[in-house]
Amino acid sequence: MKLQHNKIQNLMDNYHVTGLSMACIEGCKVSRTECYGLIDANSEKNVDIQSIFSACSISKFLTSMLVMKLTDLCILDLDEDINEKLVSWQIPYNESNRRKKVTLRNLLCHQSGVVDPEGSFPVLDSKIGFPTMVQLLEGKTPYCKVPIEMNYEPESDFQYSDAGFCIIQLLIEDVTGKTFNEIMYEFIFQPLHMENSTFDPPNEDAVQSNFSTGHNKAGDEVCGKYPIYPYPAAAGLWTTPSDLALLVIELINSLKGASKLNLSVSKAIEMITPQGTKEWTGLGVFLDKTEKGIEISSLGWGAGFQSMLVAYPDIETGLVIMTNTDLGVHQLKGIIGDIYRAYPF
């Protein structure tokens, strides 16, 4: 049974969620959108279908789709030693990775040997400003205080890593000679008409626009209102559920040979194929076996925001839920989990 409008509003009141937006996919189309609450607890502006939320780590799903497109064009190679094309910085080889070289495939499935240093990759400090990817990887900023190195042999373990996606971003920029934002717009946003999506951080005009403010579990605005992660490929996406649904639909269609991006069936299949040591990780997405067939998911969780997307390619359905409140618990233990379980498709 689908939750009724008043039931979702009651859940929001119980969890102290300020604003929520979601998009439902049925028959490989956005079947409906639902919006609740406010984009800012201190305003009277309601959430609508154009309200923009921080997607945090769902950024990795987009980065992976971009990588697959670039591999189709032979600009990148999933299984090549990544140092062959890195120019600005090189992965340091040591005893952990001398036998097996690090590849894009390893980085996309978080099995490259990279372990994020403790306390690394926080939100932007406006007094410090934006780091470059090279500065980050060399450990020369407060965002990552020690150089990134390989801590275990590639493909021998899973360690979720923002640093790995920073390396991917640097590779894309080195190879194309363009910024990550420019490449994403050219290959993903523009052809899919994701008009409310950006990797550019909110600026002083955000208060007059559709950007949502982040809130804590008490319903108060988080410090800075618009938490920014200066690592676009890993966590920098601002978007709407409707736009993310377009990308979910694109992946499902790609599996059927009907891609708007001209993404090959083989690359789409690789994205949702278990990788390395874990059967539940694909390339930039997580996987589960259900009675509805394979479930593809991606989660976003950061200061002031939580989100989740799921897709079931076999039955051409999916759901994207975004909130402007960090409840301090895993998505499945909060309002997102309650809604997800009420939409069994």
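Predicted model: local features only at pLDDT ≥ 70, side-chain atom pairs only at ≥ 80, totals over all residues.
Reader: Where does His193 lie, and what is its phi?

Author: His193 belongs to the loop between α6 (180–192) and α7 (232–235), and its phi is near 55°, which is a positive value in a residue other than glycine.

Reader: And Glu316, what about its phi and its accessible area?

Author: Glu316 is not a glycine either, yet it has a positive phi of about 55°; it is partly exposed, with a relative accessible area of 22%, and it sits in the loop between β7 and β8 (317–323).

Reader: Changing topic to the sheet, in what order do the strands of the open sheet come?

Author: The open sheet is formed by 6 strands in the order β2-β1-β8-β7-β6-β5, with antiparallel pairing. At its edges are β2 (29–37) and β5 (286–290), each of which pairs on one side only, and neighbouring strands are turned by 15° against each other on average, if direction is ignored.

Reader: Which helix packs on that sheet?

Author: Helix α1 (residues 5–15) packs on the sheet, where it touches β1 (19–26) and β2, and its direction makes about 50° with that of β2.

Reader: How many bridges join β6 to β7, and what stands opposite Trp301?

Author: Strand β6 (residues 293–302) and strand β7 (residues 305–312) run antiparallel and are joined by 7 bridges, while Trp301 has Gln306 in β7 opposite to it.

Reader: What joins β5 to β6?

Author: A hairpin joins the two strands through 2 residues, and β5 and β6 pair in the antiparallel sense over 5 bridges; Lys289, for instance, has Ile294 in β6 as its bridge partner.

Reader: Now the helices: at what angle do α2 and α5 pack?

Author: Helix α2 (residues 59–72) and helix α5 (residues 162–176) pack at an angle of about 40°, and their axes are 11 Å apart. The crossing of α2 and α5 is left-handed.

Reader: Which residues make the contact, and how do they divide into nonpolar, polar and charged?

Author: On the α2 side the contact is made by Lys60, Thr63, Ser64, Leu66, Val67 and Leu70, and on the α5 side by Asp162, Phe165, Ile168 and Ile172. The residues of this contact divide into 6 nonpolar, 2 polar and 2 charged.

Note on methods
Residues numbered from 1 in each chain as written. Heavy atoms only, no water. Pairing = 2+ DSSP bridges. Helix = DSSP H or I, 4+ residues; strand = E, 2+ residues; numbered from the N terminus. Axes fitted to C-alpha atoms, helices over the stretch in contact; angles between N-to-C directions. Contact = heavy atoms within 4.5 Å. Left-handed = near helix turned anticlockwise from the far one by under 90°. Nonpolar A, V, L, I, M, F, W, Y, C, P; charged D, E, K, R; others polar. Buried < 20%, exposed > 50% of the residue type's maximum accessible area, 1.4 Å probe, protein only.
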